[in-house]
Amino acid sequence: MQSVGQSWLVLQITDSPFRLGLISTFLFTPMLLFSIPAGAVADRLPKRRVVVTSALIQGAMGLTLTALVATGAVRYWHVAAIAVVWGLVNALDAPARQAFLVDLVGRGDVGNAIALNSAAFNAARIVGPAIAGVLIGVFGLAVAFLLNAVAGFAGALGLASVRAAGTRVHRGDATFGQEILEGLRYAAGTPRVRMLLGVLFVVTITIFNFSVYIPLLTRDVLGRGPGTFGLLMASLGIGAMTGALALGTASHAEPSVPALATAAAVSCFGLVTLSAVTHVGIAAVVLFVVGLASIVAVAGVNTALQVMAPDALRGRVMSIYTLIFGGVFPFGAFLAGLTAETWGVRTALAGAGTFGLIALTAILIAGGRRAVALGGPSG
């Protein structure tokens, strides 16, 4: 509901695709700047305390936005400032939350836990936009922001009841900077990790700009309103939840790089297809496929990294995951908004999908060459 409400609010205030994309940039830039240090923090602090505090702050931000909209005082800079604060909280929360999964369920079940986590997230993405589209049309934007605030406080209460505090790593004699470098050296020196992060980079910068693509597709191409926007976002979420559940019931073996790259390629081809769509029903079907394939790629990368990472480095490894997953997004959102404003949303969709297909092909070719050089499989 927050995503739908915020995107529609910005379009109402500014009528600018570029400023709509800029909000996403404000939201995710803190992830780019602070994810890596936050990973070292996550390895030092009880992870439950970090995620509970984050949920409380997000609830407070939701209340603030509710008050601004309800009183008619909201301005574009308010939305931008709240996006920045939200991004700062997410930068601290994300690596701690990801690393907390192993503490909750153990290494053997982490793949299923990640799939269940993705399914729960995407179930909310189905229900939230669908409800938001109706509520915004009937009661206005403030209701969507208020319910999001309530959800944040409810989440904090739920997390506070969890017994596991989250493993803290013994600091030893290493400085904070040395701990950060240790995590970066591990990721840079492990070829499989590099390839997994490459697939994640492609999906993040090309696929996950839905807060820019879908409202513009809804309004400018399909000529519809908030109800259709909510429907398309729900279709995306249903696909993502289906992909997460499918991944959770699959083999416990680590996903291979070629399989994850193929899933990412299906998502990119979906964007190219979406650029030619003129019917709401067809757009919904394409977004279902995009949501399914993209979550298989992203959750599969998450699972592989969690299983591979040493316990002492998991927070720092997952901080690189969250850096790419969230920190690269501002560039993709900025480019998507700029391209859509200059050449139209169809060109933005086709260009992002084509770039993704080319980049994924390069990753697979590089992995194949490495396998030949080493005399073994790369996946």
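**Exercise 1. Decide how enclosed helix H9 is, and list its buried residues.**

Step 1. Helices are DSSP runs (H or I, at least four residues), numbered from the N terminus. Buried means under 20% relative accessible area, exposed over 50%, and partly exposed in between (1.4 Å probe, protein chains only).

Step 2. Apply them. H9 covers residues 210–221, and nine of its twelve residues are buried, so the helix is largely enclosed by the rest of the structure.

Step 3. Name the residues. Phe210, Ser211, Val212, Tyr213, Ile214, Pro215, Leu216, Leu217 and Thr218 are buried in H9.

Step 4. Look past the end. Glycine 223 follows H9 and has a positive phi, near 65°.

A note on the basis: this is a predicted model, in which local features need pLDDT of at least 70 and side-chain atom pairs count only at pLDDT 80 or more, while totals for chains, interfaces and linings use all residues. Residues are numbered from 1 along each chain as its sequence is written, and side-chain values use heavy atoms, leaving out hydrogens and water.

**Exercise 2. Describe the backbone and setting of aspartate 15.**

Step 1. Recall the background. Most residues other than glycine have a negative phi.

Step 2. Check the residue. Aspartate 15 is not a glycine, yet its phi is positive, about 55°.

Step 3. Aspartate 15 sits in the loop between helix H1 (2–14) and helix H2 (17–44).

Step 4. Judge its accessibility. Aspartate 15 has 51% relative accessibility and counts as exposed.

**Exercise 3. Work out how H8 and H12 pack.**

Step 1. Take the geometry. The axes of H8 (residues 191–206) and H12 (residues 280–308) come within 10 Å and cross at roughly 155°. Axes are lines fitted to C-alpha atoms, for helices over the stretch in contact, and angles run from 0 to 180 degrees between N-to-C directions.

Step 2. Classify the angle. Under 35 degrees is roughly parallel, over 145 roughly antiparallel, 65 to 115 roughly perpendicular, and the rest oblique. H8 and H12 are therefore roughly antiparallel to each other.

Step 3. List the contact (heavy atoms within 4.5 Å). Residues of H8 including Leu196, Leu200 and Val203 meet residues of H12, among them Val298, Val301 and Leu305.

Step 4. Sort by class. The contact of H8 with H12 has twelve nonpolar, one polar and one charged residues. Here Ala, Val, Leu, Ile, Met, Phe, Trp, Tyr, Cys and Pro count as nonpolar, Asp, Glu, Lys and Arg as charged, and the others, Gly among them, as polar.

Conventions: Helices (H or I, at least four residues) and strands (E, at least two) are DSSP runs, numbered from the N terminus.
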